[in-house]
Amino acid sequence: MPAIAAWMLVSTAASAAELDIVVDDARGAPAADAVVSLHGAGPPPPAREPLTHAVDQRDETFVPYVDVFRPGDRVVFRNSDRTRHHVYSFAPAKSFEFVVAPGGDTPAVVLDRVGAIAVGCNIHDRMITHLYVSDAPWVAKSDAHGRAVFHDLPAGHYTVHVWHPLLRPGKAEPEQAIDIGAGTATLRFALPLLPDPRPDPDDRERARY
Ligand SMILES: [Cu+2]
């Protein structure tokens, strides 16, 4: 009997803890495209091979609006429009510049430094995308409901940081600490977001050519 009880204890301690992050703006509306990073005391997940992500340019819009990278990952910009784009970044983490012909691709750019990289188009001022390079052990982007869910976390103490493209630049990322045992924990962030400068999708449709 004692042997079984001990096994159950170990099993509970090692069972998957889940952390549910809910990100809202200051008025309580869900905030998609927040990057949530977790640092904890437990063993981090194993490193993975570098990946190449594609960022498309479609209807004069970068897709996706925010993408999360590991240091060493690569990005390729694709032009699915019938017009030229001129992709550029002045960010300290990576600066580059490419003219991308209709139907063309840029060479792969290696993102080797952590940081947020804002990328624009020199021809279409309102186009913007954000490449977020993170070496945090756990990192995820909030979905359309403002949610990011982390599974299989080792029990322990964690610090949770949130970045969003519409947070006022130059300020520290909002952060909260949490102790995680077995089961599910939920943490909410209410972010003071700036107004979204992107045209709404209906306007983009009208501006298409
Ligand atoms: Cu463009």
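Biologist: Hi! Leaving aside its neighbours within four places in sequence, which residues is Leu 131 in contact with?

Modeller: Hello! In this predicted model, Leu 131 is in contact with Asp 67, Phe 69, Val 75, Leu 111, Ile 117 and Val 119, once neighbours within four places in sequence are set aside.

Biologist: Nice. And which residues touch the most other members of the largest nonpolar core?

Modeller: Leu 131 is one of them, along with Ala 34, Val 36 and Tyr 132. That core has 35 residues.

Biologist: Where does this core lie relative to domain 1 and domain 2?

Modeller: The core lies between them, because both domains give residues to it. Domain 1 covers 17-39 + 137-191, and domain 2 covers 52-134.

Biologist: Why would such residues gather at all? I mean nonpolar side chains in soluble globular proteins.

Modeller: In soluble globular proteins, nonpolar side chains tend to be buried together.

Biologist: OK, and what share of the residues of the protein chain count as buried?

Modeller: That comes to 24% of the 209 residues.

Biologist: Let's switch to secondary structure. How many helices and strands does the protein chain have?

Modeller: There are two helices and 16 strands.

Biologist: Take strand β2 for me. Is it largely enclosed by the rest of the structure, or largely open?

Modeller: Strand β2 spans residues 35-40, and five of its six residues are buried, so the strand is largely enclosed by the rest of the structure.

Biologist: Which strands does β2 pair with?

Modeller: Among them is β12 (residues 138-141), joined to β2 by four bridges and running antiparallel to it. Another is β14 (residues 156-163), which pairs with β2 in the antiparallel sense over six bridges.

Biologist: And what stands opposite Val 35 in those strands?

Modeller: In β12, Val 35 stands opposite Lys 141. In β14, Val 35 has Trp 163 opposite.

Biologist: What about the open sheet of three strands, what order do they come in?

Modeller: The order is β13-β1-β16, and the pairing is mixed. The edge strands, β13 (147-153) and β16 (183-191), each pair on one side only. From one strand to the next, the twist averages 15°.

Biologist: Do β1 and β16 run parallel or antiparallel, and over how many bridges?

Modeller: Strand β1 (residues 17-25) pairs with β16 in the parallel sense, over nine bridges. As a landmark, Glu 18 stands opposite Thr 184 in β16.

Biologist: One last thing. Of contacts between residues at least 6 apart in sequence, what share join residues at least 24 apart?

Modeller: In the protein chain, that share is 66%.

Notes: Residues numbered from 1 in each chain as written. Predicted model: local features only at pLDDT ≥ 70, side-chain atom pairs only at ≥ 80, totals over all residues. Pairing = 2+ DSSP bridges. Axes fitted to C-alpha atoms, helices over the stretch in contact; angles between N-to-C directions. Buried ≥ 20, exposed ≤ 12 C-beta atoms within 10 Å, placed from the backbone. Contact = placed C-beta atoms within 7 Å. Core = buried A, V, L, I, M, F, W, Y, C linked by C-beta atoms within 7 Å. Domains from an automatic or database assignment.
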